[in-house]
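The sequence and the model are shown first.

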Amino acid sequence: MWVLKIKLKDENCIWAPNCKKFGVYDYQYPLGFYKVKQGLALMIHHILEGNEKNIKDYIKQAKKDKRVKKLEIRKNFMFSLSVETRTKKELKAFEAFYNPKLVWIKPDINSPDGYEISEIGSFDREDLTKLAGFLEKYYQGQILFLKEIKAPKIFTPEIMPELTDKQYQAFKTASQQGYYEFPRTTNLHKLAKISKISRPTFEEHLRKAEIKLLKYFKELILK
């Protein structure tokens with residue numbers, strides 16, 4: 001399979017400029033798309049990462065955007081239905097991007113620098129070279145690579161394990177504070193203090209979250 005990796009800046013995009021504005025990462029996986037009179041309707045699964053307040057502001061801004069038709073939110077997961085409106089020329093490039101013959105190898109990364117990184121695959125190299133030509137013509141950015149990869153490992157969206165709110169908050173706090181960095185930059189006592197609960201209680205929530213997540217990833221990796 002041929003794989004194209006690109007980095008681009010689209011000032012008219014609904015999401016990337018707001019990632020820059022609010023300092024949020026938005027990892028997106030397209031679930032479906034179809035043509036409408038105004039442009040192209042997109043259904044997207046989002047995973048948001050960043051400061052909790054910034055994520056709330058990011059979501060609030062999305063709700064105000066008239067192009068966003070539907071929005072369902074749960075913790076830092078979001079499902080959206082939006083309509084990207086473009087000029088006729090830009091729409092050609094956009095439709096080349098959302099070609100049914102293409103597959104997303106990994107989720108799109110919309111980052112706080114305002115850029116979007118996409119990794120897209122196809123059995124037909126011509127589809128990717130055509131897409132690359134449109135992107136170079138209408139958008140700021142660069143082609144990071146275009147190469148043939150034998151049976152690339154493709155991200156497959158799956159149902160994540162169900163964490164309680166307390167387990168989710170404990171894991172999120174630990175991640176944000178550097179508990180999983182090497183070397184660690186915090187400890188359970190400090191994390192419990194930040195969460196305003198006792199150390200044993202915080203540790204219980206965190207361990208239960210870790211057990212659920214580890215079981216999920218173990219099953220995913222060993223499939």
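Which residues line the second largest cavity? In this predicted model, the lining is made up of Ile14, Trp15, Asn18, Tyr58, Gln61 and Ala62. Helix H2 is the main contributor to the lining of the second largest cavity, with three residues. By class, that lining has four nonpolar residues, two polar residues and no charged ones. The space inside the second largest cavity is about 30 Å³.

**Cavities and pocket**

Rolling a probe the size of a water molecule over the atoms shows where empty space is left. Over the whole structure, two cavities of 30 Å³ or more are found. The largest cavity holds about 160 Å³. Its lining has 17 residues, and those nearest the centre are Asp10, Phe94, Phe97, Tyr98 and Glu116. Strand S3 (39-49) and helix H3 are the elements that each give two or more residues to this lining. H3 has the largest share, three residues. Eleven of the lining residues of the largest cavity are nonpolar, one is polar and five are charged.

The second largest pocket has a volume of about 160 Å³. Around this pocket lie Glu52, Ile55, Lys56, Ile59, Lys75, Asn76, Tyr168, Gln169 and Lys172. Helix H2 (52-64) and helix H5 (165-176) supply at least two residues each to the pocket lining, and H2 gives the most, with four. The pocket lining divides into three nonpolar, two polar and four charged residues.

| Space | Volume | Element giving the most residues |
|---|---|---|
| Largest cavity | about 160 Å³ | H3, three residues |
| Second largest cavity | about 30 Å³ | H2, three residues |
| Second largest pocket | about 160 Å³ | H2, four residues |

**Helix pair H3 and H4**

Two packed helices are described by the angle between their axes and the distance between the axes. For helix H3 (residues 88-97) and helix H4 (residues 125-138), the axes come within 9 Å and cross at roughly 140 degrees. The crossing of H3 past H4 is left-handed. On the H3 side the contact involves Lys89, Lys92, Ala93, Ala96 and Phe97, and on the H4 side Leu131, Phe134, Leu135 and Tyr138. Seven of the contact residues are nonpolar, two are charged and none is polar. Phe97, one of the H3 residues in this contact, is also among the residues nearest the centre of the largest cavity.

Definitions and conventions:
Residues are numbered from 1 along each chain as its sequence is written. This is a predicted model: local features need pLDDT of at least 70, side-chain atom pairs count only at pLDDT 80 or more; totals for chains, interfaces and linings use all residues. Side-chain values use heavy atoms; hydrogens and water are left out. Axes are lines fitted to C-alpha atoms, for helices over the stretch in contact, and angles run from 0 to 180 degrees between N-to-C directions. A crossing is left-handed if the near helix is turned anticlockwise from the far one by less than a right angle, and right-handed if clockwise. Contact means heavy atoms within 4.5 Å. Ala, Val, Leu, Ile, Met, Phe, Trp, Tyr, Cys and Pro count as nonpolar, Asp, Glu, Lys and Arg as charged, and the others, Gly among them, as polar. On a 1 Å grid over the protein atoms alone, a cavity is a set of points where a 1.4 Å probe fits but cannot get out, and a pocket is an open set with protein on both sides within 12 Å along at least five of seven lines; lining residues have an atom within 4 Å of a point. Grid points are joined across faces, edges and corners, and a volume is the space filled by probe spheres set on the points.
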